[in-house]
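Reader: I would like to go through this model by question and answer. Please keep to what can be computed from the atoms.

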Amino acid sequence: MRDLSGGPRVLLKRLRELMAEPLEPQERLDRIVRQIASNMVAEVCSVYVLRSDGVLELYATEGLKKEAVHLSQLKMGQGLVGTIAASAQPLNLSDAQSHPAFRYLPETGEEIYHSFLGVPILRTGRSLGVLVVQNKASRTYREEELEALETTAMVLAEMIATGELKKITKPGLELDLTRSVTINGDTYNEGIGLGYVVLHEPRIVVTNLLNEDSEKEIRRLAEAMGSLRISIDDLLSSRDVSMEGEHREVLETYRMFAHDQGWVRKLEEAIRNGLTAEAAVEKVQSDTKARMIRLTDPYLRERMHDFEDLANRLLRQLTGYSGHASGDGFPNDAIILARAMGAAELLDYPRANVRGLVLEEGAVTSHVVIVARAMGIPVIGQAAGVVALAENGDAVIIDGDGGHVHLRPLPEHQRSYEEKVRFRARRQEQFRALRSVEPLTRDGQRISLLMNAGLLVDLPQLAESGAEGIGLFRTELQFMIASTMPKADEQEIFYRNVLKQAAGRLVTFRTLDIGGDKVVPYFRGHEEENPALGWRAIRLSLDRPGLLRTQLRAMLKAAAGAELKLMVPMVTEVSEIAAVRELLQKEVQHLSRFGHGLPRKLQFGAMLEVPALLWQLDELMAAVDFVSVGSNDLFQFAMAVDRGNARVSDRFDTLGKPFLRLLRDIVLAGERNNTPVTLCGELAGKPISAMALLGLGFRSVSMSPASIGPVKAMLLGLDAAALAKVMNEALDDIHATTPMREVLAHFAESHNIPL
Ligand code: PEP
Ligand code: MG
């Protein structure tokens, strides 16, 4: 066999010559496939191009029957070629026919070829076609051969993207990015967003692919890498308050990647094979992605997003692309579209202009989604193919209530959504007007309306929503978005910042609630069959007292001289509370022994989320300063429905009799023991359920900031005593069959209460 060392270089040189010749497009394609086949000692080389109808058409071949050109077709996802295009990943097979996706196309005569190597023709992340080589003999193609084919595919991508193939495309079938399309995904955060597409992965079009002088390109790379490292260091050393907390954690990871020698080596190798520095970055980035895309480990997947972000930054350095976050030309109403993205990247955009986020991947628990929720924008995830179908500046509507993305919407669609948005905006305006109105029910009950938070980006909402304080601060979020365990001083700085920004309003910190669906990547226990019932929250904290003590100490120090309110999640037995109190006491003693200031006042509470506590209510109330009902978990455990499983999570009504009676028992126990009781699950955020809570006797509720306005509007019109009477009667009547939700809705309607 011929020695292929230097193969890619030689091939790229020939391709460069071919590209420079004045040839008709079909002729150029034909020569290219011939050149590749000969360079790679392959009997077959074929190019398939994606048409607007989602079909991949054979455009040129060396080795297969010529009559199949422009005739052979495969749909996206169909056969080996369709699989490569759909997954944007290569396939390297020594026995193609035995692959489950193999599909025989009789017109091509390809049955005699056993080995198959195919790569996607990618441009800025979208598959434009597939390039394939085949051999009769059974063999596995080497890594360098795969590299060579991928590099060649970049050149083909350029030809397709510049429209060179239009002449040989059937009219009407060129990839048309002007049509209206709707893509369905999953709702990660509700709401409606209208605006214009901003493609997150910068469509930095690397047109300059092949280098003239490798050494010069390596020097360019080194310079760009140097500036990148400096820019990250600068960001890290900036004293900007917003750089503390979540943003900082992510940047630390970037710094680690920017110094990764393995990455630099791969880039240099691609340059030596004939690419320019920017083309090398693009190539190594898509290789890495292809390799990592199959990972299911959430930690590594998050790291992949961080890495992609960094590679994009490097690409911007090399091409001088200023990026969309620079202000110029950034739409006032931007909807960000990305395959995936890191949390820090979302924070990089001008916040006031971002109206929504659409991800092709992602999960409700991914960091970027957590941050997006904190920013209060609608989010759709798992929107397959959206990036490939969109262009910067396209009009787009995201419907976070139904999980739809309407790209280039039809006028009637546009009008009906505009109407919806106007309606919402008017309501928002009304709610804003209520901000400084005292939350008193019609019968004079003072209700404490608190908000839930977990990141520094949440804090401005405190003033905006008019919440009295923070009823639940989920401290695990800082841990979830960090790449390494936040150190004691980092935690302290973070809590101090939260308290400072809360400006005197009371913050209820909840100690670490990790485990279950809350994945802290660097802190992994064993695989659990039933993580919701597993080693989580306070159980984990008590088994790892060092972790809890560090956190308690950080909170105590951060709140020196002020009031500290803290609570523990997932308590099952009252004895667990005593154990945490003991640790807390030790920390207090330790700090005072070393002369540290202590909080002026300390309130210690427990979350009521596990049904077992219902039979220890009096002991519980006596053991704490306050109780906060975590209705999300309490409902999941009381009704035995997984809160994360969409098939069952809505099966039973949260306003059904069993759950309302259970909540009433808790309120009564609080009153009996003079222990304040609040509720901080999702239940508090919906006006009808918040109304039910007030009817049961709750006088304090904590919810997402966006719910404060609607809930306040409801309570201002509510006669709580009248509702309590109606509810108690209905709950005590064992023969009553009207669902409680209907009883409540009827009460609201007949009393003119806005829900
Ligand atoms: C709850 O379970 O209701 C709660 C507020 O905690 P989380 O949603 O963080 O589990
Ligand atoms: Mg909970």
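Reader: Which element gives the largest share of the shell around ligand 1?

Author: This is a predicted model. The elements that give two or more residues to the shell around ligand 1 are β16 (470-474) and α21 (631-639). The largest share is 3 residues, and the element that gives it is α21.

Reader: How many residues surround ligand 1, and how many of them are charged?

Author: The shell consists of 14 residues, and the closest are Arg474, Arg510, Lys518, Asn632 and Arg643. Sorted by class, 3 are nonpolar and 4 are polar. The number of charged residues is 7.

Reader: How much of the accessible area of ligand 1 does the protein cover?

Author: On its own, ligand 1 has 280 Å² of accessible area.

Reader: Which residues coordinate the magnesium ion, and how many residues apart in sequence are the parts they tie together?

Author: The magnesium ion, ligand 2, is coordinated at 2.0 Å by Glu609 (OE) and Asp633 (OD). Glutamate 609 lies in the loop between β19 (601-608) and α20 (617-623), whereas aspartate 633 lies in helix α21, so the parts that this pair ties together are apart in sequence by 24 residues.

Reader: Are glutamate 609 and aspartate 633 buried or exposed?

Author: Buried means a relative accessible area under 20%. Glutamate 609 falls in that class, and aspartate 633 likewise counts as buried.

Reader: What is the radius of gyration of the protein chain, and what would a compact globule have?

Author: The C-alpha atoms fill a box of roughly 90 × 60 × 50 Å along the principal axes. The chain has 755 residues, so a compact globule would have a radius of gyration near 27 Å; the value for the protein chain agrees with this, at 30 Å.

Reader: Which side chain makes a polar contact with the side chain of threonine 61?

Author: Threonine 61 is found in strand β2 (residues 55-62). Its relative accessible area is 1%, so threonine 61 is buried. At 3.1 Å, its side chain makes a polar contact with the side chain of serine 46.

Notes: Residues numbered from 1 in each chain as written. Chains lettered and ligands numbered in written order. Predicted model: local features only at pLDDT ≥ 70, side-chain atom pairs only at ≥ 80, totals over all residues. Heavy atoms only, no water. Near = heavy atom within 4 Å. Areas by Shrake-Rupley, 256 points an atom, 1.4 Å probe, with all protein chains shown as cover. Helix = DSSP H or I, 4+ residues; strand = E, 2+ residues; numbered from the N terminus. Nonpolar A, V, L, I, M, F, W, Y, C, P; charged D, E, K, R; others polar. Donors = N, O, S within 2.8 Å, 3.2 Å for Na, K, Ca; no water. Buried < 20%, exposed > 50% of the residue type's maximum accessible area, 1.4 Å probe, protein only. Rg over C-alpha atoms; globule rule 2.2 N^0.38 Å. Polar contact = N/O pair within 3.5 Å; in protein donor to acceptor, adjacent residues only side chain to side chain.
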